[in-house]
Amino acid sequence: MTVWRVFRIALLVGWQDFQMFWTLRTWLLGWLSRILTSAMIWVLLGRMTGAPGQTEYLLIGNAAVAGVGTFAIAASAWDRWEGTYPLLVVAPTSMVPALMGRMSIWIGHWFASSMAAFIFLMVVFGWRPSPILFLPVPIAVALLSTSTFCFSLFLGALAGLVIQLRNILINLLTTAIIAFCGVSIPVSFWPGWVQVIANILPTTHGVEAVRLMLSGAPAADILLALALEAVVGLGWLVAALLAIDRIAETGRADGSIEFT
């Protein structure tokens, strides 16, 4: 069985996962209302401060990462809960395409959430960026969603060691994105060692690219931010690829892989 075929089948399984969570109605009225409410609260807080540019800063940051980081790490554990994890481990192929395929459905979920948040917040708060400047924003959002997926893939592999940590890892990821990656607080606010960590986390450079795009910054600055986001994503992807099979083999060797 080819790698692509395994990935494609796993992606179809991921789509079934998604449909178990959401219908169009529940996605719009349940999930999206939650995400938009959360983003709107941050923007309203910025408006209450009265600081110049604060409302726009919080609007851009929170819209760019709306929903990013959720569910993907949890998806890494579903094969284990369903009792199919041991079968994947003994299959004559790597676990990587199976895990990637099932988790990657959430990239589209994050992207759609972000675009919906941008549209909603622009309407509600009367923010009207230039259409020309806004045009490349989906590219940056797609890139930061993909890089966050790569990091989630790595965290999902780590969750295989202690499966009960999966939800804790989700919360840590989303908290780190909001707090340290320039979403609601500038990265420059933090001590130097925190800034170093922020710069190797996904979304930091992607959010910066979105801000640069909407401010009409030089193309060279925008491309640099996008390139840094891509490098960070690739780095975490390599780490994930190295970790997934190694951790699975560790589980097989010590007998910790079990049906649940």
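Colleague: Which residues is tryptophan 106 in contact with, leaving aside its neighbours within four places in sequence?
Modeller: Tryptophan 106 is in contact with Phe18, Phe21, Trp22, Thr70, Phe71, Ala72, Ala75 and Trp78. Contact here means heavy atoms within 4.5 Å. Keep in mind that this is a predicted model, where local features need pLDDT of at least 70, side-chain atom pairs count only at pLDDT 80 or more, and totals for chains, interfaces and linings use all residues. Residues are numbered from 1 along each chain as its sequence is written, and side-chain values use heavy atoms, with hydrogens and water left out.

Colleague: What makes a group of residues a nonpolar core?
Modeller: They have to be buried Ala, Val, Leu, Ile, Met, Phe, Trp, Tyr or Cys residues, joined through side-chain atoms within 4.5 Å. The largest such core here has 78 residues, and Trp106 is among those with the most contacts inside it, along with Val65, Phe118, Val137, Leu153, Val210 and Leu214. Helix 6 (residues 96-125) gives the largest share of this core, 15 residues.

Colleague: How many helices and strands does the chain have?
Modeller: It comes to 12 helices and 0 strands. Both are DSSP runs numbered from the N terminus: helices are H or I with at least four residues, strands are E with at least two.

Colleague: Why does serine 104 count as buried?
Modeller: Buried means under 20% relative accessible area, exposed is over 50%, and partly exposed lies in between (1.4 Å probe, protein chains only). Serine 104 has 12% relative accessibility, so buried it is. This serine sits in helix 6 and touches Phe7, Leu11 and Phe149, not counting residues up to four places away in sequence. Across the chain, 51% of the 260 residues count as buried.

Colleague: Which residues does phenylalanine 7 contact, leaving aside neighbours within four places in sequence?
Modeller: Phenylalanine 7 is in contact with Pro97, Met100, Gly101 and Ser104. Its own place is in helix 1 (residues 3-21).

Colleague: Why is serine 38 called partly exposed?
Modeller: Its relative accessible area is 39%, so serine 38 falls in the partly exposed class. You'll find serine 38 in helix 2 (residues 24-49).

Colleague: What stands out about the phi of phenylalanine 71?
Modeller: Phi is near 70°, a positive value in a residue other than glycine. Phenylalanine 71 is in the loop between helix 3 (54-64) and helix 4 (72-81). At 17% relative accessibility, phenylalanine 71 counts as buried.

Colleague: And where is threonine 203?
Modeller: Threonine 203 is in the loop between helix 10 (192-199) and helix 11 (204-215). Threonine 203 has a positive phi of about 85° although it is not a glycine.

Colleague: Is threonine 203 buried or exposed?
Modeller: Its relative accessibility is 0%, so threonine 203 counts as buried.
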